[in-house]
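Student: I have a model open and would like to learn how to read its features. Can we go through them one at a time?

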Amino acid sequence: MTDTTGAGAFRAAIESGDIPAAVALFRDDVEFLSPVVHRPYRGRDELHTILAAVFTVFEDFRYTHEYGGADGHVLEFEARVGDRGLQGVDILRAGEGGLAQLTVLVRPYSAATLLRERMGALLSG
């Protein structure tokens, strides 16, 4: 599969813990759609803040599968939040000048609830 979206570089940056490199792949007006917040976050600064918080909340994070097309890519992952196993996907949408959107979906509900609580504490303080 040929990656024309930048998803391979995003995956490599996340797997190496290089948040600035991951964020740099996105356009300035990137839209981040959270699994637990109804409104989109916009811009690289907000994306950086969220990704940094995720790195403190997720444990044993690993990508397990990936799927792609000309205008987007899906990276499936597994992680833990506390004692809860979590499955999810990062949906990356390409745009002119870089990645334009990152949507994250997670399951099960109990892990998503714990994720919301821990992320909320980090982002509100």
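This is a predicted model: local features need pLDDT of at least 70, side-chain atom pairs count only at pLDDT 80 or more; totals for chains, interfaces and linings use all residues.

Student: Which residue does the side chain of R44 meet in a salt bridge?

Tutor: The partner is D28, at 3.1 Å from N to O. D28 sits in strand β1 (residues 26-33) and R44 in helix α3, 16 residues apart, and the pair links distant parts of the chain. At 60% relative accessible area, D28 is exposed.

Student: How many salt bridges does a search of the whole structure find?

Tutor: The search finds nine. One of them joins E66 and R11, with 2.5 Å between N and O. This pair also connects distant parts of the chain, as E66 belongs to strand β3 and R11 to helix α1, 55 residues apart. R11 counts as buried because its relative accessibility is 19%, whereas E66, at 30%, is partly exposed.

Student: What about empty space?

Tutor: Rolling a probe the size of a water molecule over the atoms shows where such space is left. Here the largest pocket has a volume of about 380 Å³. Its lining has 25 residues, and the closest to the pocket centre are I50, L51, V54, F58 and V104.

Student: Which element gives the most to the lining of the largest pocket?

Tutor: That is α4, with five residues. By class, the lining has 20 nonpolar, two polar and three charged residues.

Notes: Residues are numbered from 1 along each chain as its sequence is written. Side-chain values use heavy atoms; hydrogens and water are left out. On a 1 Å grid over the protein atoms alone, a cavity is a set of points where a 1.4 Å probe fits but cannot get out, and a pocket is an open set with protein on both sides within 12 Å along at least five of seven lines; lining residues have an atom within 4 Å of a point. Grid points are joined across faces, edges and corners, and a volume is the space filled by probe spheres set on the points. Helices (H or I, at least four residues) and strands (E, at least two) are DSSP runs, numbered from the N terminus. Ala, Val, Leu, Ile, Met, Phe, Trp, Tyr, Cys and Pro count as nonpolar, Asp, Glu, Lys and Arg as charged, and the others, Gly among them, as polar. A salt bridge is a side-chain nitrogen of Lys or Arg within 4 Å of a carboxyl oxygen of Asp or Glu. Buried means under 20% relative accessible area, exposed over 50%, partly exposed in between (1.4 Å probe, protein chains only).
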